[in-house]
Amino acid sequence: MKKYTIQQTPFVVPTTDGKLIEEHWGNSTGNAEVSIAHMVAPAGWSEPHQTPEFDEFTFIISGKKQFEIDGETVVLEKGQSIRIGKGARIRYSNPFPEECEYLSVCLPAFSMESVHREEEGVD
């Protein structure tokens, strides 16, 4: 029996905000311990604040991405990465004129139940 698996058909998460999310590994593939996703956030994209129960690592492939972490704003560019610890209140966005392509790794895996997204307009 092989001790590896090649992922050729990631789960494309349905979105309504123009963001591409391709989960290669995670709850969609039966891997609750980690999720690895390729994402493309269009220019002007943002999502509500959240307070996840997982650590999230992000690596920027191209473009820029803005992170609002516990009230502090951080902007990452191509080639930079960040680790955000579980329990931080965070808002991800791309207020810039070009799309942002990045990889995201969550430990344990991302789930809608553990992300704790706030409703729009709550600050």
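Predicted model: local features only at pLDDT ≥ 70, side-chain atom pairs only at ≥ 80, totals over all residues.

Let's start with the record. UniProt, in an unreviewed entry, annotates residues 40-106 as "domain: Cupin type-2". In the model, that stretch is 60% strand and 0% helix. Its end C-alpha atoms are 17 Å apart.

Now the sheet. There is an open sheet of 6 strands, and reading across it the order is β1-β2-β3-β10-β5-β8. The pairing is antiparallel. Which strands stand at the edges? They are β1 and β8, the latter being residues 81-84. Each of these has a single partner strand, so one side of each is left without a neighbour in the sheet.

Look next at one pair inside that order. β2 and β3 run antiparallel and are joined by 5 bridges. If you want a point to find it by, Leu20 stands opposite Val40 in β3.

Then the hairpin. Strand β6, residues 64-69, pairs with strand β7, residues 72-77, in the antiparallel sense, over 6 bridges. Here Glu68 is the residue opposite Thr73 in β7. The two strands form a hairpin with 2 residues between them. Asp70 sits in that loop between β6 and β7. Its phi is near 45 degrees, which is a positive value in a residue other than glycine.

There is a backbone feature to note elsewhere as well. The peptide bond from Leu107 to Pro108 is cis, with omega near -15 degrees. Pro108 is in the loop between β10 and α1. As background for both of these, most residues other than glycine have a negative phi, and most peptide bonds are trans.

Two side chains come next. Gln7 is in the segment before β1, which is residues 11-12. A polar atom of the Gln7 side chain lies 2.9 Å from the backbone nitrogen of Thr9. The backbone oxygen of His24 also has a polar atom of the Gln7 side chain at 2.8 Å. Leaving aside residues up to four places away in sequence, Gln7 touches His24, Trp25 and Thr29.

What does Glu118 touch, not counting residues up to four places away in sequence? The list is Pro48, His49, Thr51 and Arg89. With Arg89 there is a polar contact between the side chains, at 2.7 Å. As for His49, it is 69 residues from Glu118 along the chain, yet their C-alpha atoms are separated by 5.5 Å.

Last, the largest pocket. It holds about 550 Å³ of space. It is lined by 28 residues, and the closest to its centre are Val13, Ile21, Phe110, Met112 and Arg117. Which elements give two or more residues to the lining? They are β2 (20-25), β3 (35-41), β10 (100-107) and α1 (112-115). By type, the lining divides into 12 nonpolar, 8 polar and 8 charged residues.

Note on methods
Residues numbered from 1 in each chain as written. Heavy atoms only, no water. 1 Å grid on protein atoms, 1.4 Å probe; cavity = no way out; pocket = protein on both sides within 12 Å on 5 of 7 lines; lining within 4 Å. Points joined across faces, edges and corners; volume = space filled by probe spheres on them. Helix = DSSP H or I, 4+ residues; strand = E, 2+ residues; numbered from the N terminus. Nonpolar A, V, L, I, M, F, W, Y, C, P; charged D, E, K, R; others polar. Contact = heavy atoms within 4.5 Å. Polar contact = N/O pair within 3.5 Å; in protein donor to acceptor, adjacent residues only side chain to side chain. UniProt positions renumbered as here; feature names shortened; annotations may be inferred. Pairing = 2+ DSSP bridges.
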